[in-house]
Amino acid sequence: MEGQEWKSWRRVFAAGFSASSVAELVPGIVEEVDGFREVLRQAEGGEIVLLDEKAINVTMDVIGRVALDHRFCAQANGGNDFTDALRSQVRWTSFGAEMNPWRYVNPAKYFMWWWNRRVMDRYMIRVLEERYAVAEQKGEETGKTVIDLARKAWIAEPEDDKQEAEATSPPSKSSSKQKARADLASHFARQVLGHMKLFILGGHDTTATAVCYSYLLLSRHPSALRTLRHEHTRVFGPSIALTRSLISSHPALLNKLPYTLACIRETLRLFPVVTSPRLGLPSFSLTSPAGHVFPTQDCLVWSCHHGIHNSPLYWPRVGEFLPERWLVPEGHELHPQKDCWRPFEWGARACIGQELAVTELKIVLAMTAREFDIVEAYGEWDAKKERQGGKRDVEGERAYQVQMGSGRASDGFPCRVKFADGAAEVAAVEGQEEE
């Protein structure tokens, strides 16, 4: 999507991802993260957990609430037709980073791409119809979710555009439900479907990966974890149990977590979860430090975030996890150079959901970091799988990133979950109160 069409849709959805809109959605996010907290409690002291799957479930539930005002129930029920099809589509389109040549030539992928798209579109049309009908019935005009904004855009379209859309839609009968279906099956519905699927894919997979790597790095750096926990206690008080209600009722408290934000930024520096390709233009060229000019016309320009974020040219002590680099004043040797941190990219096409992603990460850490110690278990995992010899790391990193939608932690991030000191007693008290 390019030009005025892209600008129009960007304006439509930008309001829904603004800081004020995300703040309004915080109670729903907290509810879903509380379900994740319960998942971690159930895993405490038990077998090795593949945290990647657990994190994907909670972020899927969150983006469902934010984008569609819909409950996917991925944590409670394992998902539904849509989430199953989306995960299958990611598996069938994630190739190029492995040594299995069969993945390239397997003819089944074409059928699976078609089938998964069909399942997702049917499910999405049904959800769109339901939300559209409810909004019409209640006269809702103030919703901030992505689907609410899409509906408002449809209502605001000129009458000529609506008539054109209806003319190209399947014939509808007298019932309002069938009429709504006919309208949504138009060219507008196809635009909405594409946006919905993009928001849900980008809004769950990348954030889940950042959750896993946040736990990984904090567990490897106990002093950073202590500082983070002290900050949470200072802002939310000593009661872990009250953190949920405080965040829900006072979302602005999340803005008082500078060290938590620094940990998130440093995690995304060391393990950026996506990269950004751009189509080259005749008018745009790249110039090297030596003065060599590289035209980009007919080329795909790839901004390699991992290379930039891990280059000693731009980052002092590049291989170290140093949240403090985000807190030092300008002029300090650790202060980041301008435009060198790019996990959400920059400019007009920067990630529209970055405010949501950072807010979600803050909530996850605020609600879990003081209660749980989450420690990688790759050594046990490899022993369990009877992996002996051979290279199991990339540049010394066992939790190397694997292309599977985003750059996810290898082998699903096997780890063990334990209660932090004193947290078991809190959990027991909460359990008694619920009974």
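These legends go with close-up views of a predicted model.

Residues are numbered from 1 along each chain as its sequence is written, and the side-chain values rest on heavy atoms, leaving out hydrogens and water. Since this is a predicted model, local features need pLDDT of at least 70 and side-chain atom pairs count only at pLDDT 80 or more, while totals for chains, interfaces and linings use all residues.

**View A. Y213 and F271, a stacked aromatic pair.**
Searching the whole structure turns up 15 aromatic pairs. Here Y213 and F271 sit 4.0 Å centre to centre, with 10 degrees between the planes. (Rings of Phe, Tyr and Trp, the last by its six-membered ring, pair if their centres lie within 6.5 Å; planes under 30 degrees apart are stacked, over 60 edge-to-face, and the rest tilted.) The pair links distant parts of the chain, 58 residues apart: Y213 belongs to helix α12 (residues 187-220), and F271 to the loop between α15 (258-270) and β2 (276-279). Helices (H or I, at least four residues) and strands (E, at least two) are DSSP runs, numbered from the N terminus. Y213 is buried at a relative accessible area of 1%, and F271 is buried too, at 9%. (Buried is under 20% relative accessible area, exposed over 50%, partly exposed in between, with a 1.4 Å probe and protein chains only.)

**View B. Y378 and F413, a tilted pair.**
These two rings are 6.4 Å apart centre to centre, with 45 degrees between the planes. Again distant parts of the chain are linked: Y378 is in helix α18 (residues 378-384) and F413 is in the loop between β8 (406-409) and β9 (414-419), 35 residues apart. Both Y378 and F413 are buried.

**View C. An aromatic cluster and two arginines.**
W315, W326, W341 and F344 make up one aromatic cluster. The charged end of R265 sits over the W341 ring, 5.9 Å from its centre, and that of R269 sits over the W315 ring, 5.2 Å from its centre. (Sitting over a ring takes NZ of Lys or CZ of Arg within 6 Å of the ring centre and within 35 degrees of the ring normal.)

**View D. An open sheet of 3 strands, β1-β9-β6.**
The pairing is antiparallel, and two strands pair if DSSP finds at least two bridges between them. The edge strands, β1 and β6, each pair on one side only. Strand β1 (residues 49-50) joins β9 through 2 bridges, with V49 partnering C415.
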